[in-house]
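Reader: Please show me the model. I would like to go through its pockets, charges and contacts.

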Amino acid sequence: MSDLVLSDLADGVLTLTFNRPERLNAWTEALGARYFDLLTEAEADPAVRVIVVTGAGRGFCAGADFQTLTALQEGTLESFTEKRANTFPTTIKKPIIAAVNGACAGLGMVHALVCDLVFTAAEAKWTTAFSRRGLIAEYGLAWVLPKLVGQARALDLLLSGRTFTGEEAAGLGLALRSVPGSALPGVVGDYARDLARHSSPTSMAVIKQQVWGDWELSLDSSRTKAEKLMAASFGRADFAEGVASFLEKRPPEFPPFTG
């Protein structure tokens, strides 16, 4: 099971690589369980400040494995034992960056968009796929997509199930940037290392929780919550270090996130 997701830590950045290249990294319960376990371990590891998720070979994740879908159709699929929802990455208190290097379809698209930031290869092929398989918008995608691209564009992508490029994905707002596939690892690596080096891990954890948690709050409720969080941040060592490093014109030395 350990080889289903490769793990590499360098310079505070943990890179997790879906590793079923012969199946375009199609999702299985075992792959998902291993991925979520590694995210849990990364959250507890003070050496990890940023997480990057990508795929081996030509795909990011081509959606649910067809063997799983066939078993579902035939009623022969064994009961799932994984209890963590597919939105689990949103609960991890460290930033997660998806580097979409290739095919990103269905459940694979869900897992790209429940990361905090997305970079994509310009030539990567994206699709929701669901309507063309007789399925519906799964795993919260009907909630996430309209907030990223607006209702009309979300309905276009969901109803048509059409295939579109990473370049269009970035234009729609699904990805922060699209770059040539050969440049993707370097671009994402530079961005992730910059976060790991210059941003407070605790600040990033709180900001992530604010962004994912405030979507359904009113403006006044979000502001009130932020005022309390800001008051708490004034008392942290991170604030003193952030100010000192700015005044002294040096890189900050923020402590690890401790939860």
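Author: This is a predicted model, where local features need pLDDT of at least 70, side-chain atom pairs count only at pLDDT 80 or more, and totals for chains, interfaces and linings use all residues. Residues are numbered from 1 along each chain as its sequence is written, and side-chain values use heavy atoms, with hydrogens and water left out.

Reader: How do the residues lining the second largest pocket divide into nonpolar, polar and charged?
Author: A pocket is an open set of points on a 1 Å grid over the protein atoms alone, where a 1.4 Å probe fits, with protein on both sides within 12 Å along at least five of seven lines; lining residues have an atom within 4 Å of a point. Ala, Val, Leu, Ile, Met, Phe, Trp, Tyr, Cys and Pro count as nonpolar, Asp, Glu, Lys and Arg as charged, and the others, Gly among them, as polar. The division is 18 nonpolar, 2 polar and 2 charged.

Reader: Which residues lie nearest the centre of the second largest pocket?
Author: The pocket has a volume of about 450 Å³, volume being the space filled by probe spheres set on the points, which are joined across faces, edges and corners. Its lining counts 22 residues. Nearest the centre lie Cys 115, Asp 116, Leu 117, Val 211 and Trp 212.

Reader: Which element gives the most to the lining of the second largest pocket?
Author: Helices (H or I, at least four residues) and strands (E, at least two) are DSSP runs, numbered from the N terminus. Two or more lining residues of the second largest pocket come from each of strand S5 (96-100), strand S7 (117-121), helix H7 (184-198) and helix H8 (201-213). With 5 residues, the element that gives the most is H8.

Reader: Asp 238 has no salt bridge; how far away is the nearest side chain of opposite charge?
Author: A salt bridge needs a side-chain nitrogen of Lys or Arg within 4 Å of a carboxyl oxygen of Asp or Glu. Lys and Arg count as positive, Asp and Glu as negative; His and the chain ends are not counted. Asp 238, in helix H10 (residues 237-247), is buried (under 20% relative accessible area; exposed is over 50%, partly exposed in between, with a 1.4 Å probe and protein chains only). The nearest opposite charge is on Arg 236, at 5.7 Å.

Reader: What does Asp 238 contact, leaving aside neighbours within four places in sequence?
Author: Contact means heavy atoms within 4.5 Å. By that test, the partners of Asp 238 are Ser 200, Thr 202, Phe 254 and Pro 255.

Reader: How many residues apart in sequence are the parts that Arg 84 and Asp 37 tie together?
Author: Arg 84 and Asp 37 form a salt bridge, with the closest N and O atoms 2.9 Å apart. Arg 84 lies in the loop between helix H2 (66-74) and S5, and Asp 37 in helix H1 (residues 29-44), so the tied parts are apart in sequence by 47 residues.

Reader: Is Asp 156 buried or partly exposed?
Author: Asp 156 meets Arg 162 in a salt bridge (3.0 Å, N to O). Arg 162 has 23% relative accessibility. Asp 156 has 32%, so its class is partly exposed.

Reader: Which residues does His 111 contact, leaving aside neighbours within four places in sequence?
Author: His 111 is in helix H3 (residues 107-113). At 1% relative accessibility, His 111 is buried. Its contacts are Trp 27, Tyr 35, Phe 36, Phe 60 and Asn 86.
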